[in-house]
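Here are my notes on the model, as numbered points. Please read them with the structure open.

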Amino acid sequence: MIEPKKLDLHSLDIARQQKEKLKQLFPEVFTEDRIDFDRLKQTLGESIDTGKERYSMTWPGKSDCFKLIQSPSIGTLKPARDESVNFDSTENLFIEGDNLEVLKLLQKSYYGKIKMIYIDPPYNTGNDFIYPDDFKENLSTYLQYTGQVDAEGRKFSTNTDTEGRFHSKWLNMMYPRLFLAKNLLRDEGLIFISIDDNEVCNLRKICDEIFGEENFIALFPWRKRTAKSDVPYGVSQDYEWIISFAKTESFNANIKSNTRKYYESPDLPNRPWRIHEMTTHRTAFERPNSNFTIIDPKNGKEYPANKNAVWRVTKESFKKFYKEKRIVFPGDYDFLNISKPVLRYFKDEDKAKSENSFGYTSVSTNLPKNVGMTQDGTKETSILFGSKIFYFPKPVNLIKHFIQMSTTIDKDALILDFFAGSATTAHAVLDLNKEDGGNRKFIMVQLPEKCDEKSEAYKAGFKTIADIGKERIRRVIAKIKKENNQSLFQNQLDLGFKSFKLDSSNFKIWNTEGISPEQEALEKQLELHINHINPDSSQEDILFEILLKAGYQLSGEIKKIELAGKNVYSVKEGTMLICLENELTKEVIKAMADRKPGRVICLDQGFANNDQLKTNAVQIMKSKGIDDFRTV
Ligand SMILES: C[S@@+](CC[C@H](N)C(=O)[O-])C[C@H]1O[C@@H](n2cnc3c(N)ncnc32)[C@H](O)[C@@H]1O
């Protein structure tokens with residue numbers, strides 16, 4: 001019998017993918033699909049570090065991080081329509097679940113698709129909960145977690161100093177998540193991570209390793225509060241940090257400039273210009289050729305160089321620039337208040353230099369005052385909910401600042417926050433789109449961490465932090481709709497989100513991790529002969545699992561059509577057709593093939609053990625040039 005191929009229901013196989021990358025770079029070191037390490041060593045020659053002592057960062061459990069990264073997820077994301085807003089049309093997502101499993105599940109569909117990640121993970125202060133990953137049983141750990149007790153009935157607890165391995169536990173939680181998150185970034189993508197003094201050094205080190213030291217962008221200091229008195233050692237730690245790394249050197253930050261001002265003057269009609277300082281931060285010792293006295297040829301007035309901050313030009317380039325009218329002296333124009341000669345840049349040249357970056361300037365690590373402090377974040381959520389619903393949310397403007405610098409030009413970028421908390425990042429995305437008419441989309445991931453029963457949130461009816469995040473997005477959407485019904489962009493704004501929940505797969509997936517090849521073959525054989533769909537699963541649950549496992553984004557448009565009397569889902573303008581009917585017919589197979597999609601997926605049980613129909617189906621698809629016909 002000719003069998004259709006099976007859809008792989010596991011998440012992306014990271015180890016295999018890394019091997020493929022290596023194979024592309026060094027095909028010569030592979031023999032029969034295995035890596036010949038001796039040959040790899042020879043190929044790399046002197047770059048191999050053979051010494052006993054080497055520069056690296058390590059901690060107990062680091063090697064298990066790689067096992068965790070490599071163990072595939074066998075879970076799924078189940079849609080929750082009733083919690084969503086505009087489910088069918090929105091491209092924004094809120095995913096409730098442990099972010100490690102979710103990041104694994106997103107690998108196939110969102111690999112290289114995200115422009116900007118902002119995260120605000122637990123800082124490891126001794127009071128926060130650190131998720132207990134388990135590479136063999138991570139999904140069942142999660143399902144136990146949602147019941148809030150582990151297999152022995154113990155409560156999941158916070159990471160405290162007294163337990164030992166305090167930093168290691170936090171690093172073991174962060175490393176695999178950052179590793180998987182990097183895969184999701186586009187080449188021009190970047191990540192921002194909020195952190196305080198507790199783990200800032202460790203975080204910088206693991207990011208150096210994961211993203212590459214050369215891709216370090218900056219450490220932004222953020223003033224979170226005004227100084228406290230009565231603190232240990234008498235020093236109030238009033239700053240936190242935002243560490244930022246690029247995926248590759250293709251990223252370039254910029255922000256719309258409000259300060260760039262062009263002048264017009266009668267002596268240079270039609271050539272507006274701006275001025276720029278002509279000193280640098282270099283000393284006379286560093287730049288001897290720029291240490292000279294400038295003389296204004298019009299009146300002989302002298303301007304000696306400052307020995308600690310010499311001119312930006314040399315004597316020769318000064319002469320050239322003067323001839324080209326690129327130097328402005330004090331007194332040349334009444335409207336300019338300058339005490340030293342300055343450089344002049346023309347608007348037409350600015351524009352020609354880069355059409356895209358015209359009107360934009362680079363960004364300082366010094367954050368603008370309006371980013372706000374913790375008290376502003378608390379105020380924003382308290383106003384939205386009418387009570388203090390969440391402790392220490394970030395101010396919306398802070399996150400907006402980072403989104404803006406990453407997406408000023410790229411206004412339909414995809415933005416991810418996988419420690420979403422109260423969903424401040426989603427709030428910032430919605431606000432910024434409202435302000436500049438952008439079409440940025442967000443993906444929020446948040447654990448259903450239980451709210452303390454004594455908290456304001458619990459009293460207000462929120463059982464988990466994920467519930468708070470979702471409700472915040474609903475309230476922000478309602479507020480934007482109310483305030484902006486006249487706005488220019490109102491109709492174009494994506495004011496919705498699709499809600500999903502991490503759960504076990506709708507299919508019985510054989511977890512072949514750690515079992516013998518004979519056993520694996522036997523289980524695969526068994527798999528062919530039993531109904532392996534969870535009877536409680538809805539068609540929509542199955543549909544979204546197929547999308548995810550086939551590498552399609554969860555936000556794409558899906559149309560339900562009828563072909564030969566059966567329901568068929570048409571995905572991405574008909575490039576993939578999915579039929580989840582339990583009784584397939586030759587007619588529906590033919591009708592799907594006639595549409596010539598790139599890919600067709602049907603339920604295996606739809607063939608109801610009719611091997612003849614299955615064989616025919618493969619042949620019908622082949623005859624229409626459809627090679628990618630699979631069953632689940
Ligand atoms: C510091 S808070 C983020 C606050 C957020 N920036 C805001 O402004 O509301 C960190 C959040 O990460 C969540 N978290 C911790 N471990 C997680 C995990 N394994 N998966 C998903 N979320 C997690 C916690 O529940 C917490 O709400």
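Helices here are DSSP runs of H or I with at least four residues, numbered from the N terminus.

1. This is a predicted model. Just after α2, Gly-45 takes a positive phi of about 50°.

2. The other end of that helix has a cap. Asp-36 caps the N-terminal end of α2, which spans residues 37–44. A side-chain oxygen of Asp-36 lies 3.1 Å from the backbone nitrogen of Asp-38.

3. Next, a helix pair. Helix α10 covers residues 374–385 and helix α14 covers residues 465–483. They pack at an angle of about 75°, with axes 10 Å apart. Angles of 65 to 115 degrees count as roughly perpendicular, so α10 is roughly perpendicular to α14.

4. Which residues make this contact? From α10 come Thr-381, Leu-384 and Phe-385. From α14 come Ile-468, Glu-471, Arg-472, Arg-475, Val-476 and Lys-479. By class, the contact of α10 with α14 has 4 nonpolar, 4 charged and 1 polar residues.

5. Strand β7 (residues 185–195) runs antiparallel to β9, and 6 bridges join them. Leu-190 has Ala-246 of β9 as its bridge partner.

6. Strand β8 (residues 216–223) is also antiparallel to β9, joined by 7 bridges. Here Arg-223 is partnered with Tyr-239 of β9.

Conventions. Residues are numbered from 1 along each chain as its sequence is written. This is a predicted model: local features need pLDDT of at least 70, side-chain atom pairs count only at pLDDT 80 or more; totals for chains, interfaces and linings use all residues. Side-chain values use heavy atoms; hydrogens and water are left out. A polar contact is a pair of N or O atoms within 3.5 Å; within protein, one must be able to donate a hydrogen and the other to accept it, and residues adjacent in sequence count only if both atoms are side-chain atoms. Helices (H or I, at least four residues) and strands (E, at least two) are DSSP runs, numbered from the N terminus. Axes are lines fitted to C-alpha atoms, for helices over the stretch in contact, and angles run from 0 to 180 degrees between N-to-C directions. Angles under 35 degrees count as roughly parallel, over 145 as roughly antiparallel, 65 to 115 as roughly perpendicular and the rest as oblique. Contact means heavy atoms within 4.5 Å. Ala, Val, Leu, Ile, Met, Phe, Trp, Tyr, Cys and Pro count as nonpolar, Asp, Glu, Lys and Arg as charged, and the others, Gly among them, as polar. Two strands pair if DSSP finds at least two bridges between them.
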